[in-house]
Amino acid sequence: MKVRSLMRSQRLPLWQKACIAACSLYLGGAGFISPLPAFAGQEMAAPTTLSSPLAQHSACPAPARVPTPADIMQLLKSGTDHGFLWKISKNGHDSWLYGTMHIARFEWLIPGPLTRQAFKASTMVAVELVLSDPQTLAVLQRPASNERLQHLLETGRRQKLDTEAQKQCLPAQALQKLPGSIEAASLMALSGRADGLYPDYAIDAILQTFAKAAHKPLVALETAEAQVSLLTGKTQAEEDELIDSALQDLNSSTGQTELTKLAAMWGNSDLAKLNSYRDWCQCERTPTEARQIKAMLDDRNVLMAEKIEHLHESGQSVFVAVGALHMSGPMGLPALLQKAGYSVQTVLPAAAPL
């Protein structure tokens, strides 16, 4: 049954119609843009649909499954809340903070009832980057400079990245023109497919399409230029270290293991594990990694919190959907906004009944 026929044949609530239209538009198209993060706190994009393996054999991950209208209806009926959700209040009205995953499982496509309720009550959706914005996509897909590409080749990193791409059944040329550190981050994200985690099902990207289907304004909290600058490092030596770290994780499966832990944390709404992320992440092993984590999380959180305050104080009820790691610990968005005078209530994980 086609999507339009399904919606005509049943009297569906507006939210369900939006979910069906959004999932069909985002996942049913040929050539949508897949967000490819290095971890749950950042978002990048690649110029092609990369989650489908180049060749199908037993060593390759299965392609991302495109849901049928019947799948979507079933997910709507059985939808369970995952992730982390807070209600923040100030000046007599509410906004919401929702911690997402940039790679996810098929079963998580449809938000659960608590998340849907907050989303419906909002007047605006704020995300890290608006992925449908042509200027944003142009920056995210901008090729590396010839000098940096030549450096990758001369130092042997080009061959190592190509080998990793081949292991993941990807055409070597699919990512070759991107900056090396972004290519390495993309390969790290794609390694999660072996455990059923796909960039195609990115929670925040799906929510962006829901927002469009529900006619809610979308606002970016950051710029693509700022994210690309963080991912590529301030110097060639810093980028080299980021690439080498990612390659080490890919070769040892450390990165894939961490993605699986992050996914379990998110799927179970494990707030204690989220707040202790830096105690177990193995993500600050070197001075460069420590600086990168501070820049990718703490420094960005301060700027995002200021933008969220501005939107909320303009009278909007904002549904903020950003990577879950931006909600972690004393420098997470809930803590920063509480310090700024907001009342902060944890909605998900839901409190156990008395």
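Predicted model: local features only at pLDDT ≥ 70, side-chain atom pairs only at ≥ 80, totals over all residues.
Local features required pLDDT of at least 70 and side-chain atom pairs pLDDT 80 or more, while totals for chains, interfaces and linings use all residues. Residues are numbered from 1 along each chain as its sequence is written, and side-chain values use heavy atoms, without hydrogens and water.

The chain has 16 helices and six strands (DSSP runs, H or I of at least four residues and E of at least two, numbered from the N terminus). Of its 354 residues, 55% are buried (under 20% relative accessible area; exposed is over 50%, partly exposed in between; 1.4 Å probe, protein chains only).

Helix 7 (residues 157-167) and helix 11 (residues 236-252) cross at roughly 35°, their axes coming within 11 Å (lines fitted to C-alpha atoms over the stretch in contact; angles run from 0 to 180 degrees between N-to-C directions).

The whole structure holds 13 salt bridges (a side-chain nitrogen of Lys or Arg within 4 Å of a carboxyl oxygen of Asp or Glu). One of them pairs Lys90 with Glu313 at 3.8 Å, N to O. Lys90 lies in strand 1 and Glu313 in helix 15, so the bridge ties together parts 223 residues apart in sequence. Lys90 is partly exposed at 22%, as is Glu313 at 42%.

Arg148 bridges to Glu239, with the closest N and O atoms 2.7 Å apart. This pair links helix 6 to helix 11 across 91 residues. Arg148 is partly exposed at 23%, whereas Glu239 is buried at 2%.

Within helix 7, Glu164 and Lys167 are three residues apart, about one helical turn. Their side chains form a salt bridge of 3.2 Å, N to O. Glu164 is buried at 5%; Lys167 is partly exposed at 49%.
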